Amino acid sequence: SFLCAAGYHQEPPIQAYLRHRLETLLRFTQEKDFNIYTDRSQYPDIPKGFHDKPLVRPELYAGGEEQFPTIYDIYALAHYPAHFQSEETLRKIDAIIEYVLHPNYQAFPVGYGLMRAGKRKYYAIGWSVHLPRYPDAEQKINENLLVQRLVLLSNFRAARKHIWFQENVARLEDYRTDHGTYIFPRSYLQERLSGYWVTGAYMGMEENRRQKIAIELESTFWMLKIKKNAEIL
């Protein structure tokens, strides 16, 4: 996904992978099947440290490929090459994004749960696409992810129509200054010593972030990026 975002989408292996992943995700998501878990009692070898996590059905990651969307998939789709974007392709992408935006998806545990890799061999899956401030969600997602998730989802027309996107873009307007720039809470624009880009750990851009103008510049940049992607400038 990041090679594609960096502009290497002309490479045949990347193009082939993008097409393959799009079709894989479409087959899974278009039926809107949210029954992804299996009965843990059938697997008594689950280690004690994992007893609080649900077990995803093994057929959904057979051969090491997850059939359900991860946040890395969403980044790949966000940078899907323009010359591939026929109306049919866009409808396929819409179906995948609609699955992620569905209340049943947002009710999944963060990180999906466990996968079984063999006898007494289990891994936490991770990399789900949970959204902070999702309407009526029971689990609370770290609000510091809000800007990162809005920037990402602003690339998709299915997301831009959703109440989650519209309400939270409007919420960011509360941070508009009198002269048309934006100053978000610093927690929305983290720049950490370690972490993952896909979880909003590296949202900073200014060299000296101790100055107030740094947060104003960064906030304005991200807000304009959201608006440009959503064509609401």
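Student: What should I keep in mind first?
Tutor: This is a predicted model, where local features need pLDDT of at least 70, side-chain atom pairs count only at pLDDT 80 or more, and totals for chains, interfaces and linings use all residues. Residues are numbered from 1 along each chain as its sequence is written, and side-chain values use heavy atoms, with hydrogens and water left out.

Student: Okay, α6: how many of its residues are buried?
Tutor: 8 of the 8 residues of α6 are buried, so the helix is largely enclosed by the rest of the structure. Buried means under 20% relative accessible area, exposed means over 50%, and partly exposed is in between, with a 1.4 Å probe and protein chains only. Helices here are DSSP runs of H or I with at least four residues, strands are runs of E with at least two, and both are numbered from the N terminus.

Student: What covers the buried residues of α6?
Tutor: The cover includes α3, α4, α7, α8 (163-172) and α9 (212-230). Contact means heavy atoms within 4.5 Å.

Student: And α3, how many of its residues are buried?
Tutor: α3 is mostly covered, with 7 of its 8 residues buried. Those are Ile71, Asp73, Ile74, Tyr75, Ala76, Leu77 and Ala78. What covers them includes α1 (2-5), α2 (12-29), α4 and α6.

Student: Switching to pockets: how much space lies in the largest pocket?
Tutor: About 280 Å³. A pocket is found on a 1 Å grid over the protein atoms alone: it is an open set of points where a 1.4 Å probe fits, with protein on both sides within 12 Å along at least five of seven lines, and lining residues have an atom within 4 Å of a point. Grid points are joined across faces, edges and corners, and the volume is the space filled by probe spheres set on the points.

Student: Which residues lie nearest its centre?
Tutor: Of the 13 residues lining the largest pocket, Leu77, Ala78, Gln85, Leu90 and Asn155 lie nearest its centre. Leu77 and Ala78 are also among the buried residues of α3.

Student: Which helices supply at least two residues of that lining?
Tutor: α3 (71-78), α4 (87-101) and α7 (157-160) each do. The largest share, 3 residues, comes from α4.

Student: How does the lining divide into nonpolar, polar and charged?
Tutor: There are 7 nonpolar, 3 polar and 3 charged residues. Ala, Val, Leu, Ile, Met, Phe, Trp, Tyr, Cys and Pro count as nonpolar, Asp, Glu, Lys and Arg as charged, and the others, Gly among them, as polar.

Student: What about Glu87: where is its place, and what does its side chain touch?
Tutor: Glu87 sits in helix α4 and is partly exposed, at 42% relative accessible area. Its side chain makes a polar contact of 2.8 Å with the side chain of Arg157. A polar contact is a pair of N or O atoms within 3.5 Å; within protein, one must be able to donate a hydrogen and the other to accept it, and residues adjacent in sequence count only if both atoms are side-chain atoms.

Student: On to His130: buried or exposed?
Tutor: His130 is buried, with a relative accessible area of 3%. It is in the loop between β4 and α6 (146-153). A polar atom of the His130 side chain lies 2.7 Å from the backbone oxygen of Phe108, and a polar contact of 3.4 Å joins the side chains of His130 and Gln139.

Student: Asn144 next: what is it in contact with?
Tutor: Leaving aside neighbours within four places in sequence, Asn144 is in contact with Ser187, Tyr188 and Gln190. Asn144 counts as buried, at 18% relative accessibility.

Student: How do β3 and β4 run?
Tutor: They run antiparallel, with 4 bridges joining β3 (residues 114-118) to β4 (residues 121-124). Strands pair if DSSP finds at least two bridges between them. Met115 has Tyr123 in β4 as its bridge partner. The two strands form a hairpin with 2 residues between them, and Arg120 in the turn has a positive phi of about 55 degrees.

Student: And what is phi of Tyr112?
Tutor: Phi of Tyr112 is near 70 degrees, a positive value in a residue other than glycine. Tyr112 counts as buried, at 0% relative accessibility.
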